[in-house]
Amino acid sequence: MHIQHLNCGSINPPGGVALIGTGGPFTHAPGVTHCLLAETDDGLLLVDTGFGLLDCLTPKFFVWLMITVAGWPRDPEETAVRQVERLGYEPKDVHHIALTHFHYDHAGGLPDFPHAKVHIYQAEYEAVTQPQDMYERYPYRREHWAHGPDWVVHPLAGDRWFDFDCTPLVDLGPVAFCFVPLTGHTRGHSAVALRLADGWLLHCGDAYTFHGEVDVQNPTPPPYQRTVRRLVNINRAMRPIGKHSPRLRALLRAHGDEVQLTCSHDPHEFDKFRTGLQSRHPSTGSG
Ligand SMILES: [Zn+2]
């Protein structure tokens, strides 16, 4: 196993068409919470955790409300920790976790891996620990870092990843990673670029949510996006509709032979990677 694609939270939000691109404006649309698990020379690396056991078993009110709206069934078997165990590892084998951002649906599994180093882009760490207002504070859940993670905060230091700024590369042997800030969804939202045996995989988190947005031939935003997102995006100051998509398409046009993209919630992308249709990397599915 070099890399596994894990769905750590099946969702089915109303008006999900604006997020995931399928269905109508008043219907639910099924989505995933796409996390990555990679074997390295220093234990396992997890990119985003999805929801965790705490969110399944004893969610705090805000998280309960959000996952009820999002339609997550609170199935413990979908958590990263249960999937890691099913793959034959122990939770303490996960030595590194890299987060695209700290929203509850991406960081909820942190308490299940209390021994892991938690890598995060500096601006996101500052947003989590010093939120500017309630819109920023609410989706970051204190219960997800109450165990006192071993933070590794990554600042920019002048490095470049293709045509993007990035943090210094962390080399873990067969896999290396860096953060590629794609801010907007949160103050420090960042893609995680993974260097694998035969190319780069850029996990874009929530920088986009529908594969059509980064389709080089026929770019397509999700239908009703402007209307529905305007209603549901709680942080109005940070409403980057399609903000990063043109740069991501330019990246694919110039370097599509060595870079692949995925985002967090698109089930179509997840299925392609999981079944190996999209991936050039040695990969098997799970989740
Ligand atoms: Zn998300």
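# Legends to close-up views of the predicted model

**View 1. Surroundings of Ala193 in the predicted model.** Setting aside residues up to four places away in sequence, Ala193 touches Trp161, Cys166, Phe177, Cys178, Val180, Trp200 and Leu202. The coordinates shown here and in the other views belong to a predicted model. Ala193 and Leu194 touch the most other members of the largest nonpolar core, which has 69 residues. Strand 11, residues 190-196, gives the most to this core, with five residues. Leu202, already named as a contact of Ala193, is also the bridge partner of Ala193 in strand 12.

View 2. The protein chain has 10 helices and 14 strands. The C-alpha trace spans about 45 × 45 × 35 Å along its principal axes. A compact globule of 287 residues would have a radius of gyration near 19 Å, and the 17 Å of the protein chain agrees with this. Buried residues make up 48% of the 287 residues. Of the contacts between residues at least 6 apart in sequence, 66% join residues at least 24 apart.

View 3. Strands of a sheet pair through backbone hydrogen bonds, in either a parallel or an antiparallel arrangement. Strand 9 pairs with strand 10, residues 176-181, in the antiparallel sense over two bridges. Asp171 stands opposite Ala176 in strand 10.

**View 4. Strand 12 and its two partners.** Strand 11 and strand 12 run antiparallel and are joined by five bridges. These two strands form a hairpin with two residues between them. To strand 13, strand 12 is paired in the parallel sense, over four bridges. Gln260 in strand 13 is the bridge partner of Leu201. Is strand 12, residues 199-203, largely enclosed or left open by the rest of the structure? Four of its five residues are buried, so strand 12 is largely enclosed.

**View 5. Thr100 and its contacts.** Thr100 is placed in the loop between strand 4 (94-98) and helix 5 (104-107). Thr100 is buried, as 30 other C-beta atoms lie within 10 Å. Which residues does Thr100 contact, leaving aside its neighbours within four places in sequence? They are Asp48, His106, His189, Ser190, Ala191, Val192, His203 and Gly205. The C-alpha atoms of Thr100 and Pro181 are separated by 8.8 Å, although these residues are 81 residues apart along the chain.

**View 6. Asp48, a loop residue with a positive phi.** Asp48 lies in the loop between strand 3 (43-47) and helix 2 (53-57). Its phi is positive, at about 65°, although Asp48 is not a glycine. With 28 C-beta neighbours inside 10 Å, Asp48 counts as buried.

**View 7. Arg74, another loop residue with a positive phi.** The loop that holds Arg74 lies between helix 3 (61-70) and helix 4 (80-86). Arg74 is not a glycine, yet has a positive phi of about 55°. Is Arg74 buried or partly exposed? With 16 C-beta neighbours inside 10 Å, Arg74 counts as partly exposed.

**View 8. The buried side of helix 10.** In helix 10, residues 267-274, the residues Pro267, Glu269, Phe270, Phe273 and Arg274 are buried. These residues cover an arc of only 160° around the axis, which puts them on the same side of helix 10. Just after helix 10, Gly276 takes a positive phi of about 80°.

**View 9. Confidence along the chain and at residues 281-287.** The mean pLDDT of the protein chain is 90, and 90% of its residues reach 70 or more. Over residues 281-287, the pLDDT is below 50. Beyond near neighbours in sequence, this stretch has 25 contacts in the model. Where pLDDT is low, the predicted coordinates should not be read in detail.

Key. Residues numbered from 1 in each chain as written. Predicted model: local features only at pLDDT ≥ 70, side-chain atom pairs only at ≥ 80, totals over all residues. Rg over C-alpha atoms; globule rule 2.2 N^0.38 Å. Buried ≥ 20, exposed ≤ 12 C-beta atoms within 10 Å, placed from the backbone. Contact = placed C-beta atoms within 7 Å. Core = buried A, V, L, I, M, F, W, Y, C linked by C-beta atoms within 7 Å. Pairing = 2+ DSSP bridges. Arc of directions from axis to C-beta. pLDDT = per-residue confidence, 0-100.
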